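Have the sequence and the coordinates open as you read.

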Amino acid sequence: MGNGEWGDEGDGGDEGDEGDLFPMPNAQCPMPNAQSLRLILLSGDWIPLTLPERICSQFNHPQIISLGGATEASIWSIFYPINKIDPNWKSVPYGYSLTNQQIYVLNQSLQPCPNWAIGELYIGGLGIAKGYWQNPELTAERFIPNPFIGEWEAGEQRKRGENLSPSSPSSPPSPPLPLSLYKTGDLGRYLPDGTIEFLGREDFQVKINGYRIELGEIEVALQQHPAIAQAVITTLGLPSQQQLLAYIVLQPEMQLNAPLPNPPQGKAGGVSPTDFKLQQRGVRSLDSTAPHIALPGAESFGVKLQRQSYRQFLEQSVSLNSLGEFLECLRSQQLSNSPLPKYRYASAGSLYPVQTYIYIKPNRVQNLAAGIYYYHPQQHQLIHLSNSAKVDGRIYGINQEIFAQAAFGLFLIAEMQAIAPIYGDKSRDLCLLEAGYISQLLMETAPDYNLGLCPIGALEFDAIRDNFALHEQHILLHSFVGGCIDPTWKTRWLSPENPQTQLTKTELMTQKLRQFLQQRLPEYMIPTLYIPLEALPLTPNGKLDRRALPLPEFQSTKTESPVILPTTDLEVAIANLWQSVLQVEVQSIHDNFFELGGNSLSATQLLTQMRSSLQLDLPIREFFFNPTLASQADLLKLQWHQKPQPAKTPQIERVERGEAQHLLANLDQLSEEEVDKLLKQMQLQEGG
């Protein structure tokens with residue numbers, strides 16, 4: 001097909017397969033010499049960002065060139081030399097047109113799109129095929145008259161410095177004109193540097209919850225997980241309730257929770273923060289031949305964790321009694337036989353230079369005005385420092401959402417003048433140690449008073465420093481945000497597993513992949529269903545056969561856990577809400593909201609109904625991490641029992657709650673802007 005005479009019906013290009021790049025050497029196909037290989041050509045629409053780096057690690061840094069195009073246009077029409085990977089890329093850029101070929105990004109009127117505007121990709125030039133064999137209808141649809149023939153001819157003449165007058169006797173004959181453009185069915189856009197960014201097949205663009213999604217972008221993100229060899233994303237359900245479905249093929253002998261490979265040496269940013277955490281580098285890896293001594297002690301089958309971080313808080317205000325009893329763990333105690341006060345945590349030289357400050361949000365602590373306070377450990381008092389200070393949540397960066405829900409912020413600040421005269425240049429390190437002791441004490445004490453704390457690693461403290469009445473020798477060491485928690489949350493890690501709370505293998509896989517994708521994609525692009533396959537089905541010519549992908553079996557999780565009908569008043573109430581929103585029957589407390597057809601938008605609708613009809617508050621994040629009826633009932637049972645007169649079968653009524661409720665009543669007619677507005681409003685309502 002290199003001469004462009006005739007093409008087969010296109011399928012939108014080949015997908016790069018990283019797994020097949022390095023086959024095992026054999027007699028018929030020996031591996032090339034790593035030192036002599038100088039050029040590698042990669043062909044595909046979505047080339048994983050990790051692939052060029054893997055190639056360079058295997059060989060002696062050969063030149064790598066990405067190529068793309070269609071069979072109908074001599075296979076390759078666009079190229080991109082891969083020299084450096086930008087971590088902000090979603091995939092390797094499509095690149096620039098090859099010589100004697102043109103790649104156009106056109107709108108529906110066949111006019112060129114400006115930079116950043118999404119249009120359809122068309123291929124022109126000398127490599128265009130004449131059409132499809134004995135298929136005039138498809139030929140007429142995909143091979144269209146070239147609207148730029150005159151401009152192209154004039155441009156070629158300008159390149160040669162020719163007289164543009166058609167009567168010029170000295171004009172040499174022009175090359176054959178590209179009479180047609182090939183309509184690829186792919187989407188792309190021009191970038192300011194002149195390259196073209198591939199945005200996927202027009203056929204694979206879907207609209208879910210008001211958002212336009214390119215399925216290939218999700219596939220690329222999934223394949224970045226080291227346990228995933230291949231991934232295919234599709235949609236399932238009616239247009240009004242579509243959800244994303246992921247088919248995954250695991251790497252041989254790889255598990256989703258296995259430690260990830262080390263990043264390349266010399267590259268500090270070789271892996272994402274999530275992947276780096278999973279490597280658990282703080283646990284030393286030693287030679288297996290070293291002597292191992294098993295220590296005596298009873299084997300414990302239960303998790304014993306008193307300290308945990310809380311990233312969600314209830315909207316209710318904190319009582320002043322709870323706050324005071326919580327801070328009392330920092331109170332000094334005077335012993336009769338000691339000239340200095342004693343504390344429940346250690347400090348170098350008994351100097352105790354670390355001070356505690358707290359910011360109270362408006363109306364979030366009962367009988368306590370908003371502002372910034374200093375906690376006096378000897379008098380057990382809050383000293384008010386600022387009347388009008390209001391902390392801008394933007395100083396918390398990526399933790400703004402957590403701060404928005406919190407009732408207060410807590411700051412550990414070192415008074416260096418209280419330690420430096422004795423310990424000199426060791427003073428800051430000793431203060432950090434003391435802050436560590438205090439942090440552990442605070443996090444273990446807070447749950448006793450139904451309070452939760454979330455440690456904050458970094459924030460723009462200088463933006464609010466003046467409100468604390470500090471001098472230059474004061475140094476921020478650490479901070480927290482905190483608020484009220486549901487008591488059931490603090491036992492989630494401590495409760496032994498039982499048939500109603502134990503995660504199935506499918507739920508565990510779904511949870512881990514969702515957590516992985518949440519670091520890379522917005523929530524509306526994260527699949528709700530995941531189906532593991534031993535291999536992807538292929539057509540006789542080796543392409544993915546999407547029609548052969550198996551449909552999900554919604555009973556898959558139920559085969560691994562007993563079918564238990566909703567029996568308690570709370571379980572029945574939640575089941576009624578699910579059935580009202582999803583229009584399906586809930587058969588077991590182990591049913592999964594998303595496997596029954598739920599999606600992000602129906603989840604927000606359900607949460608709104610739950611608040612208005614049941615007076616129960618379940619944060620959005622908790623809903624997504626606990627999608628089964630049993631897990632949601634477990635989270636809400638304390639709120640349910642504290643209700644004055646819970647109804648056994650509450651009536652689900654539509655309650656007018658402003659514009660958000662109006663939008664929820666018209667799900668099928670929402671625009672992208674309205675969906676985005678709705679979700680943001682839901683999150684703001686949760687954050688108080």
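## Strands, rings and gaps

Strand β2 (residues 63-68) is mostly covered, with five of its six residues buried. Buried here means under 20% relative accessible area, while exposed is over 50% and partly exposed lies in between (1.4 Å probe, protein chains only). Helices (H or I, at least four residues) and strands (E, at least two) are DSSP runs, numbered from the N terminus.

A word on the ground rules: this is a predicted model, so local features need pLDDT of at least 70 and side-chain atom pairs count only at pLDDT 80 or more, while totals for chains, interfaces and linings use all residues. Residues are numbered from 1 along each chain as its sequence is written, and side-chain values use heavy atoms, with hydrogens and water left out.

Back to β2 and its neighbours. Strands of a sheet pair through backbone hydrogen bonds, either parallel or antiparallel. Two strands count as paired if DSSP finds at least two bridges between them. Strand β1 (residues 39-43) runs parallel to β2, joined by five bridges, and S43 stands opposite L67 in β2. On to strand β3 (residues 78-82): β2 and β3 run antiparallel and are joined by five bridges, with I64 opposite I82 in β3. Put together, four strands make an open sheet with mixed pairing, in the order β1-β2-β3-β4. β1 and β4 (96-97) are at the edges with a single partner strand each, so one side of each has no neighbour in the sheet.

Strand β5 (residues 101-106) is another covered element: six of its six residues are buried, so the rest of the structure largely encloses β5. Both of its faces are covered, with Q101, I103 and V105 buried on one side and Q102, Y104 and L106 buried on the other. β5 pairs with β6 in the antiparallel sense over six bridges, and Q102 stands opposite G124 in β6.

Helix α4 (residues 215-222) has eight of its eight residues buried, so α4 is largely enclosed by the rest of the structure. Its buried residues include the two glutamates, E217 and E219.

Now for the rings. How many aromatic pairs does the count come to? It comes to 17 aromatic pairs, where rings of Phe, Tyr and Trp (its six-membered ring) pair if their centres lie within 6.5 Å, and planes under 30 degrees apart are stacked, over 60 edge-to-face and the rest tilted. Y396 and F403 make a stacked pair, because their ring centres are 4.4 Å apart and their planes meet at 15 degrees. F411 and F461 pair as well, but tilted, at 6.0 Å centre to centre and 45 degrees between the planes.

| Residue | Relative accessibility | Class |
|---|---|---|
| Y396 | 2% | buried |
| F403 | 5% | buried |
| F411 | 0% | buried |
| F461 | 6% | buried |
| C113 | 10% | buried |
| C454 | 3% | buried |

As for the cysteines, the model has zero disulfides, taking a disulfide as a pair of cysteine sulfur atoms within 2.5 Å.

A cavity is a set of points, on a 1 Å grid over the protein atoms alone, where a 1.4 Å probe fits but cannot get out; lining residues have an atom within 4 Å of a point. Grid points are joined across faces, edges and corners, and a volume is the space filled by probe spheres set on the points. The second largest cavity holds about 60 Å³ of space. Its lining includes G68, I78, Y94, I103 and D186, and the elements giving two or more residues to that lining are β6 (119-125) and β8 (180-190).

Notes. On a 1 Å grid over the protein atoms alone, a cavity is a set of points where a 1.4 Å probe fits but cannot get out, and a pocket is an open set with protein on both sides within 12 Å along at least five of seven lines; lining residues have an atom within 4 Å of a point.
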